[in-house]
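This report walks through one protein chain, from its overall fold to a few individual residues. Keep the sequence and the structure open as you read.

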Amino acid sequence: MHKEKYPGYNFTEITFNLSTEAIIWLSGTTRDNAHKHFRNFDFFLSLLKEMRTDTGLDTRFRRPIELDPLDVQFSEISLAQKWNLGRKKMHNLLMKMEALGLIEVTNRRVGSWLTFKCVSNWRDDRESKEQSLSQDPPLNR
């Protein structure tokens, strides 16, 4: 398999554990500031493209953060601007995803990140790597 077949993703295969309620929510839409609807699944996928598959320092924001596999560093303001939402609506969207068991949000003085709680394992056939949560526990921060 070639990397260009999966542009932007750090894996070629991924396994999710989703509740029925999460599936229904992912199938729905959210209205942006211009009253246009976007699919919740598209928002989920955009975050998934940023998911780390290894431990490392994320330097994309003002304060670098050491992230674990399944983590994504984010800014509510940046996400709100990207998706044409207010910061509070973006916050509520992330909290809904957290309540559904899709993600877990962590806020610290150094920054914010989310962890994909619904991902049980992933594989990257391009590098013959397979990762499961049972193999490497996340770092303690």
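Helices (H or I, at least four residues) and strands (E, at least two) are DSSP runs, numbered from the N terminus. By that rule, Asn-84 lies in the loop between helix 3 and helix 4. The model is predicted, so local features need pLDDT of at least 70, side-chain atom pairs count only at pLDDT 80 or more, and totals for chains, interfaces and linings use all residues. Residues are numbered from 1 along each chain as its sequence is written, and side-chain values use heavy atoms, with hydrogens and water left out.

**Overall fold**

The protein chain has four helices and ten strands. Along the sequence they run β-α-β-β-α-β-β-β-α-α-β-β-β-β. The chain holds 141 residues, and 41% of them are buried. Buried means under 20% relative accessible area, exposed means over 50%, and partly exposed lies in between (1.4 Å probe, protein chains only).

The accessible surface of the chain is about 8,400 Å². Carbon and sulfur atoms hold 49% of that surface. These areas come from the Shrake-Rupley method with a 1.4 Å probe; for residues, only the protein chains shown count as cover.

Contact means heavy atoms within 4.5 Å. Of the contacts with a separation of 6 or more, 56% join residues 24 or more positions apart.

**Salt bridges**

A salt bridge is a side-chain nitrogen of Lys or Arg within 4 Å of a carboxyl oxygen of Asp or Glu. The count comes to seven.

| Salt bridge | Closest N to O |
|---|---|
| Arg-60 and Glu-50 | 2.9 Å |
| Asp-58 and Arg-60 | 3.0 Å |

Take the pair of Arg-60 and Glu-50. It links distant parts of the chain, ten residues apart. Arg-60 sits in the loop between strand 4 (56-58) and strand 5 (65-67). Glu-50 sits in the loop between helix 2 (40-48) and strand 4. Arg-60 is partly exposed at 46% relative accessibility. Glu-50 is partly exposed too, at 36%.

Glu-76 is buried, with a relative accessible area of 15%. Arg-87 is partly exposed, at 42%.

Asp-71 is in strand 6 (residues 71-74). Is Asp-71 buried or exposed? It is buried, with a relative accessible area of 2%. Its side chain reaches the backbone nitrogen of Asp-68 at 2.9 Å.

Gln-73 is in strand 6 as well. It is buried, at 4% relative accessibility. A polar atom of its side chain lies 3.4 Å from the backbone oxygen of Arg-63. Beyond its neighbours within four places in sequence, Gln-73 is in contact with residues including Asp-58, Arg-60, Phe-61, Ser-112 and Trp-113.

**The largest pocket**

On a 1 Å grid over the protein atoms alone, a pocket is an open set of points with protein on both sides within 12 Å along at least five of seven lines; lining residues have an atom within 4 Å of a point. Grid points are joined across faces, edges and corners, and a volume is the space filled by probe spheres set on the points.

The largest pocket holds about 200 Å³ of space. Its lining includes Phe-61, Arg-63, Gln-73, Phe-74, Asn-107 and Ser-112. Strand 6, strand 7 (103-108) and strand 8 (111-116) each supply at least two lining residues.

**Positive phi**

Most residues other than glycine have a negative phi. Leu-70 has a positive phi, near 85°. This residue lies in the loop between strand 5 and strand 6 and is buried, at 4% relative accessibility. Asn-84 also has a positive phi, of about 55°. Asn-84 is partly exposed, with a relative accessible area of 33%.

How values were computed. A polar contact is a pair of N or O atoms within 3.5 Å; within protein, one must be able to donate a hydrogen and the other to accept it, and residues adjacent in sequence count only if both atoms are side-chain atoms. On a 1 Å grid over the protein atoms alone, a cavity is a set of points where a 1.4 Å probe fits but cannot get out, and a pocket is an open set with protein on both sides within 12 Å along at least five of seven lines; lining residues have an atom within 4 Å of a point.
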